[in-house]
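Here is a short briefing to read alongside your model.

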Amino acid sequence: MSNLTANDTALDIQINRFGFWCAVICIATGVLAVALPLDVPGGYDATPDERLNWLAAHRSSFIAGWINQIVAMLTLSGLFLAIAWRVRHKSPLAALLAAGATALATMAFVIPKFMAVWTIPLLAEATLSGAAGSEMAAMLLPLLNVSIPFSLYTSFDYMGFWLYALFALLTMVPMVDRDWPSKFAALSLGLFGIGFHVAFAMLIFGVIGAEDIEVSFGLAFIPLLLLVLVMVPIFRRVD
């Protein structure tokens with residue numbers, strides 16, 4: 001029994017460290033994202049020709065920007081899994097469901113971001129060159145617009161964030177603890193989970209339009225950023 005307890009303690013320490021480094025790397029990718037472009041400037045209003053020419057001229061930086069986003073997504077998912085592990089004693093079922101939501105969200109994010117690195121540059125190249133498959137490429141490229149909120153690409157992204165919001169609702173209550181950082185983390189989870197679903201409901205019922213999606217949902221993401229910051233000191237402690 002003592003060996004089992006020692007193993008559990010060792011695993012807790014390892015997962016705390018894992019969560020800590022996931023949070024640190026996620027913050028670092030956020031800083032890098034400022035310098036790495038993800039789309040043509042004024043992406044929502046850009047014409048197809050403007051986007052196509054921009055992709056051809058900035059192929060390397062575009063790919064680097066989305067590789068950075070993949071790293072950010074993977075580390076954020078890793079952070080969420082570490083949070084699910086942390087709350088497992090208080091609410092095992094919530095922790096299990098939250099881990100499942102995180103796994104599904106990770107897959108939802110991987111699909112479009114991999115297409116940004118692999119498919120979009122090749123589609124742009126084929127369209128401009130007029131090579132075999134250029135007609136198909138010209139039709140597919142608008143479907144993978146990374147700025148318009150109702151494209152096939154961004155639909156996967158928002159589905160991933162919806163699953164993250166479910167994770168937040170499942171873990172916000174068991175995350176509450178005696179120390180203030182844990183209470184702040186629980187509050188951030190609650191604000192993100194509730195805020196995202198409120199914005200989602202407003203979109204479904206037509207309260208906000210397509211042009212307002214980025215701003216409306218962007219407000220819900222602010223607590224998510226605060227959560228990543230506060231988890232650094234939480235996971236740095238060895239309980």
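Predicted model: local features only at pLDDT ≥ 70, side-chain atom pairs only at ≥ 80, totals over all residues.

Residues are numbered from 1 along each chain as its sequence is written, and side-chain values use heavy atoms, with hydrogens and water left out.

**Overall fold**

- The chain has 9 helices and 0 strands, where helices (H or I, at least four residues) and strands (E, at least two) are DSSP runs numbered from the N terminus.
- Along the principal axes, the C-alpha atoms of the chain fill a box of roughly 70 × 40 × 30 Å.

**The largest pocket**

- Rolling a probe the size of a water molecule over the atoms shows where empty space is left.
- On a 1 Å grid over the protein atoms alone, a cavity is a set of points where a 1.4 Å probe fits but cannot get out, while a pocket is an open set with protein on both sides within 12 Å along at least five of seven lines; lining residues have an atom within 4 Å of a point.
- The largest pocket holds about 1,300 Å³ of space, a volume being the space filled by probe spheres set on the grid points, which are joined across faces, edges and corners.
- Its lining has 41 residues, and L38, Q69, D157, F161 and F221 are the closest to the centre of the pocket.
- At least two lining residues come from each of α1 (2-33), α3 (59-86), α4 (92-117), α7 (152-171) and α9 (213-236), and α9 gives the largest share, with 11 residues.
- By class, the lining of this pocket has 28 nonpolar, 8 polar and 5 charged residues; Ala, Val, Leu, Ile, Met, Phe, Trp, Tyr, Cys and Pro count as nonpolar, Asp, Glu, Lys and Arg as charged, and the others, Gly among them, as polar.

**The cavity**

- There is 1 cavity of 30 Å³ or more in the structure, and the largest cavity contains about 50 Å³ of space.
- Residues lining the largest cavity include D39, R51, F62, I120 and N145.
- The lining of the largest cavity splits into 6 nonpolar, 1 polar and 2 charged residues.

**α3 with α7**

- The axes of α3 and α7 are 11 Å apart, at an angle of about 20°; axes are lines fitted to C-alpha atoms, for helices over the stretch in contact, and angles run from 0 to 180 degrees between N-to-C directions.
- That angle makes α3 roughly parallel to α7, since angles under 35 degrees count as roughly parallel, over 145 as roughly antiparallel, 65 to 115 as roughly perpendicular and the rest as oblique.
- In α3, residues including W66, M73 and F80 take part in the contact with α7, whose side has Y153, Y164, F167 and T171; contact means heavy atoms within 4.5 Å.
- This contact has 9 nonpolar, 2 polar and no charged residues.

**α3 with α9**

- α3 and α9 pack at an angle of about 60°, their axes 12 Å apart, which makes α3 oblique to α9.
- On the α3 side, L76, L79, F80, A82, I83 and R86 make the contact, with L224, L227, V228, M231, I234 and F235 on α9.
- Here the classes are 11 nonpolar, no polar and 1 charged.

**α4 with α5**

- The axes of α4 and α5 (residues 119-129) lie 3 Å apart at about 40°, so α4 is oblique to α5.
- F114, M115, A116 and V117 of α4 meet T119, I120 and P121 of α5.
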